[in-house]
Amino acid sequence: KTNGPPRLSSTGRYMTFRSRTPFTDTANGNTEKLKIYLVDRESGSIELASKAFNELEQINSDSTNYAISRSGDKILYGSSASNIVENDLNNQFDLFVYDRPTKTNFRISTSNSGEGGNGKSYGGDISADEKYIVFRSDASNLVDGDNNTHSDIFIHDTTTKKISWIDTANSSVGELTYLAAPTISGNGRYIAFTARPISTKYRNKRLYLFDKVSNEITQLTETVIPFNASKYYIDDVRYPQITDDGRYIYYIQFYDVYRYDTETEEITLISKSIDTQTGTGGSNGSLAITSNGSHVVFSSGSDQLINDDTNGFSDLFLYNASSETISLVNIGIGGFQAKYNMHLFDMSADGSTIAYQTRAYNLHADDHNQDELDLFLASGPFPVGSENKEIDLSLSKSASTSSIEIGSNITYTLTIDNI
C-alpha cells in the first residue's frame with residue numbers, strides 16, 4: 001500500500017512514493033516504519049531510498065516530506081531516524097538526500113561546520129540543475145546571525161555542501177515570519193515562498209520572491225482580510241510552484257488557483273467557472289506544473305470547471321495555458337468519472353505523465369481492491385517541447401497487375417500512424 005503523494009522525475013521515468021509495505025527490505029522486521037521508495041518505470045525495479053547507513057537494520061523512524069530531482073538521481077526527504085547517516089545525534093527531524101548513482105544518503109540540514117540542526121527541518125524543492133536544494137527549518141544554528149524565533153528558508157549548495165539563508169530582517173519588505181513552501185527556479189536564481197509580515201494586522205501568508213543574485217525580496221500578493229484567529233487561513237497563499245525561468249508562479253488563494261506573471265505583474269485566475277468565469281472556490285489541494293508553466297494540474301471539489309461534472313467528488317483537472325482550457329484527468333473505464341476523491345498527485349516537468357492516488361475503483365479494469373488507496377498513472381496530453389511536425393501524405397503510383405474496367409469505382413484506404 002502506498003501512503004503519500006507520488007513524485008515524478010522530469011520525464012516520468014522515475015517515481016518516488018511512501019509506504020509501510022516492505023517492497024525491497026523484507027528482512028529484519030520493523031516494517032511498520034514509513035519509507036521512501038524509488039521506482040524505475042522503464043526497468044520495473046524498486047529501490048529503498050530511506051535506509052540505514054549500515055544497510056543491516058531498518059531505519060528507526062518514519063520518512064516523509066519528499067521530492068525528486070529532474071533526472072531522478074536525487075531524492076529529498078525528511079526523517080527523525082538517527083541511523084540514516086552516521087553520528088546523527090541531534091534528535092531532530094532532519095532532511096536527507098538519497099543519491100541514486102551511489103546508493104547513499106547524506107544529511108543537508110546541517111550547519112557549515114557540520115553541526116546538526118537544533119530544530120525541525122521540512123522538505124522543499126530541488127533546482128532543475130540539481131545544484132541547489134531549498135527547504136524550511138526551525139533550526140537557529142544552521143547559519144550565523146539567525147537570531148529570530150521563527151522558521152526560515154535555507155539554501156543548500158550540493159556542489160560546495162555549504163548552506164545559506166534568506167535573511168528578511170533587513171529586507172525592503174520588512175521582517176517576515178512563518179516562512180514556508182519554498183519553490184526554486186531551474187537555475188536556482190529565484191525562490192518563491194510564503195510568509196507573514198511581523199508588523200501588521202494582516203497576518204495571512206503572502207507570496208514573496210527572492211532573487212539570489214541581487215539578494216532582493218519582492219512581495220507579490222496582498223492580503224485583504226484582517227487577522228482573525230478563526231479565519232486566518234482564508235486568504236493564505238499556499239502551494240506556490242515556480243517555472244524554470246522564474247517568470248510564472250502558480251499558487252492557491254481563496255481556494256482558487258492563480259498565476260502570477262513576474263514580468264507584467266499580472267495575476268490570472270485559473271480555476272474559473274466555465275459559465276460565470278469567476279472563481280469556483282473548490283481548490284484545497286496542492287499544484288503540479290510543467291517546467292515552462294504551459295500546463296498545471298490541480299484538484300477541486302467544484303462541479304463548475306467543466307461541463308457535465310456529475311460525480312460529486314473532488315477531481316483532478318489539467319489547465320492548458322495556451323488554449324486557456326480545463327480538462328478532466330481522472331477519467332475511468334468507458335469514459336466514466338471517478339467514484340472517489342482525488343487529492344495526492346504530481347506531473348512530470350515535461351508534461352508527459354500524471355500520477356495520482358485515489359480509492360476510486362472504476363479507473364482500471366483490474367482494480368478489485370475496493371476502498372484501498374491505489375496509485376494511478378495517466379499520460380499527459382501535451383509533452384513540453386513537443387513540436388507540430390509536417391506529415392508527408394503524398395501518394396505514389398505503380399502499375400497494377402489486375403485489370404480494371406474503365407469507369408468502375410476504385411476504393412483507396414489510407415492509414416496514418418501517429419508515431
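Where does Met 342 lie? Met 342 sits in the loop between strand 24 (325-328) and strand 25 (345-347). The model is predicted.

**Met 342 and its surroundings**
- Met 342 has a relative accessible area of 0%, so it counts as buried.
- Its contacts include Ser 299, Leu 316, Tyr 356 and Leu 363.
- Gly 285 is 57 residues away from Met 342 in sequence, yet the two C-alpha atoms are 9.1 Å apart.

**The nonpolar core**
- The largest nonpolar core has 15 residues.
- Met 342, Leu 316 and Tyr 356 are among the residues with the most contacts inside this core.
- Strand 23 (315-320), strand 25, strand 26 (353-358) and strand 27 (374-379) each supply at least two of the core's residues.
- Tyr 356 touches Met 342, and its other contacts include Pro 6, Val 329 and Phe 376.
- In soluble globular proteins, nonpolar side chains tend to be buried together.

**Aromatic pairs**
- The structure holds nine aromatic pairs.
- Phe 17 and Tyr 37 are stacked, at 5.7 Å centre to centre and 20 degrees between the planes.
- Phe 17 is in strand 2 and Tyr 37 is in strand 3, so their pair ties together parts 20 residues apart in sequence.
- Phe 135 and Phe 154 are also stacked, at 5.9 Å and 25 degrees.
- Phe 135 belongs to strand 10 and Phe 154 to strand 11.
- Both Phe 135 and Phe 154 are buried.
- Ring pairs link Phe 135, Phe 154 and Trp 165 into a cluster.

**Charges over rings**
- The charged end of Arg 136 sits over the ring of Tyr 122, 4.2 Å from its centre.
- Lys 212 lies over the face of Tyr 132, 3.9 Å from the ring centre.

Terms used. Residues are numbered from 1 along each chain as its sequence is written. This is a predicted model: local features need pLDDT of at least 70, side-chain atom pairs count only at pLDDT 80 or more; totals for chains, interfaces and linings use all residues. Side-chain values use heavy atoms; hydrogens and water are left out. Helices (H or I, at least four residues) and strands (E, at least two) are DSSP runs, numbered from the N terminus. Buried means under 20% relative accessible area, exposed over 50%, partly exposed in between (1.4 Å probe, protein chains only). Contact means heavy atoms within 4.5 Å. A nonpolar core is a set of buried Ala, Val, Leu, Ile, Met, Phe, Trp, Tyr and Cys residues joined through side-chain atoms within 4.5 Å. Rings of Phe, Tyr and Trp (its six-membered ring) pair if their centres lie within 6.5 Å; planes under 30 degrees apart count as stacked, over 60 as edge-to-face and the rest as tilted. A charge sits over a ring if NZ of Lys or CZ of Arg is within 6 Å of the ring centre and within 35 degrees of the ring normal. Lists of a residue's contacts leave out its neighbours within four places in sequence.
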